[in-house]
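Visitor: Good morning. I would like to understand this structure; may we go through it together?
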Amino acid sequence: MKDLLERARAVQARAYVPYSKFQVGCALRSASGAVFVGANVENASYPQGLCAERSAVAAMVAAGEQRIAEVVVIGSGNAPCSPCGGCRQLLSEFAPPQTPIHMAGADGGLATSTMGELLPMAFGPLALGGEPVERPATARDVLEARFGADFPELAIVLGSGLGGFADKLEDATAIPYGELPGFPTPSIEGHAGRLVVGRIDAVPIACLQGRLHVYEGQGTGSLATMIRTLAALGTKLLVLTNASGAIDPAIPPGAIAVITDHVNMLGTNPLTGPNDDSIGPRFPDMTEVYDPALRQLIEASGEALGLDLAQGVYLATPGPSFETPAEIRAFRAMGAGLVGMSTVPEAILARHAGIKVLGLSIVTNRAAGLAGHPLSHAETLAVAGKAAGDLERLLAHSIKELARHAT
Ligand code: HPA
């Protein structure tokens, strides 16, 4: 709450109030953990001004969110500032009855109420005798309604060409991302955009068939919603798969590589912005993103299957252009053995939320300048498709052991 109060106080100072001189600031936290702020804006035809709460709600909706978790309102007067009747009604469209509404005054006084307590003081839909308004559901609501407490502790993100793994699930339930509010809407061939929940070898598993990349230009907010929804539902271990180019000349196309660490060259971090301490710390440790015990387990599985697994540090670039040979030489000097355009945001989000991570890469090509021919997405998909069988065997062989580590 303290962070919201600080944000509300900061935006309050920017209010445009030449007529009333009464500055109001509002900060609200949405279901994804993002914070939206608003200040009151007056104009000469006084009643048409904008309340601070209204501005903050509009910013949240414009950002694609529709669920409020907590609200702070602060006013210029000493008495705690409460939302006006119209704002209570507007907030109640997005805030469930138990949502805390903190009302602060200039002298530090604070009163906390809930949306449910405040709403009857406005002419809300309930007071008008109408049906209760249905709250917009979150992805977590949808999945809890579907699976109750039985959501898998083991989840896997299926990268380029690997979507077929989800077809191997027994008793599968598939939910398009479109039915999961806030989930990504992938636009890339080879990424279906479905969550498939089922079992392999009696082990419950959730497959995320399709992911979002930085180059799609939608930001990483929906990836955060995806990973944090899994965490909230009890997922403890996330296997991240991808296709990559080999910077390390010893790794041949078609190989499967265990990711040992990463270099984030995306130019962005999915934790940018206000931190929700209930999810994870502001400055999460990244010393061992890719769990050593899981890496050992998968190496042993590979050996048992006669698969010659490679290893490497994965460097993520934003794409969508492939790298230049000069960039690849620079990345090699930085210690990277593999290059790709995904995985790192999910790995950071998962570690922040306390989920263990295993990273597996299908090496589809030698990196730019090392192949002797130009790179293409078609080649990536074709080689990934061929090597996918090996990765599927590896996962099927290790799934019981993986499940044992999903705690
Ligand atoms: N570069 C970036 N991403 C990739 C590559 C590559 O060479 N191969 C597969 N994904």
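This is a predicted model: local features need pLDDT of at least 70, side-chain atom pairs count only at pLDDT 80 or more; totals for chains, interfaces and linings use all residues.

Visitor: Which strand gives the largest share of the shell?
Guide: Strand E10 does, with three residues.

Visitor: And which residues come nearest to the ligand?
Guide: Of the 13 residues around the ligand, the nearest are Ala 243, Gly 245, Val 339, Gly 340 and Thr 380.

Visitor: What classes of residue make up the shell?
Guide: The shell has six nonpolar residues, six polar residues and one charged residue.

Visitor: A change of topic, please. How is the protein divided into domains?
Guide: Domain 1 covers 2–128, and domain 2 covers 139–406. Their centres, taken over C-alpha atoms, are separated by 39 Å.

Visitor: How many residues are in contact between domain 1 and domain 2?
Guide: Six residues of domain 1 are in contact with nine residues of domain 2. On the domain 1 side, the touching residues comprise two nonpolar, two polar and two charged ones.

Visitor: Now the backbone. Where is there a cis peptide bond?
Guide: A cis peptide bond joins Gly 319 and Pro 320, with omega about -5°. Pro 320 belongs to the loop between strand E12 (310–316) and helix H8 (325–333).

Visitor: What about Lys 21?
Guide: Lys 21 is not a glycine, yet its phi is positive, about 60°. Lys 21 sits in the loop between helix H1 (2–12) and strand E1 (24–30).

Visitor: Is Lys 21 buried or exposed, and why?
Guide: Lys 21 counts as exposed because it has 9 C-beta neighbours inside 10 Å, and the cut-off for exposed is 12 or fewer.

Conventions
Residues are numbered from 1 along each chain as its sequence is written. A residue is near a molecule or strand if its C-beta atom, placed from the backbone, lies within 6 Å of it. Helices (H or I, at least four residues) and strands (E, at least two) are DSSP runs, numbered from the N terminus. Ala, Val, Leu, Ile, Met, Phe, Trp, Tyr, Cys and Pro count as nonpolar, Asp, Glu, Lys and Arg as charged, and the others, Gly among them, as polar. Domain bounds come from an automatic or database domain assignment. Two residues are in contact if their C-beta atoms, placed from the backbone, lie within 7 Å. A residue is buried if 20 or more other C-beta atoms lie within 10 Å of its own, exposed if 12 or fewer, and partly exposed in between; C-beta atoms are placed from the backbone.
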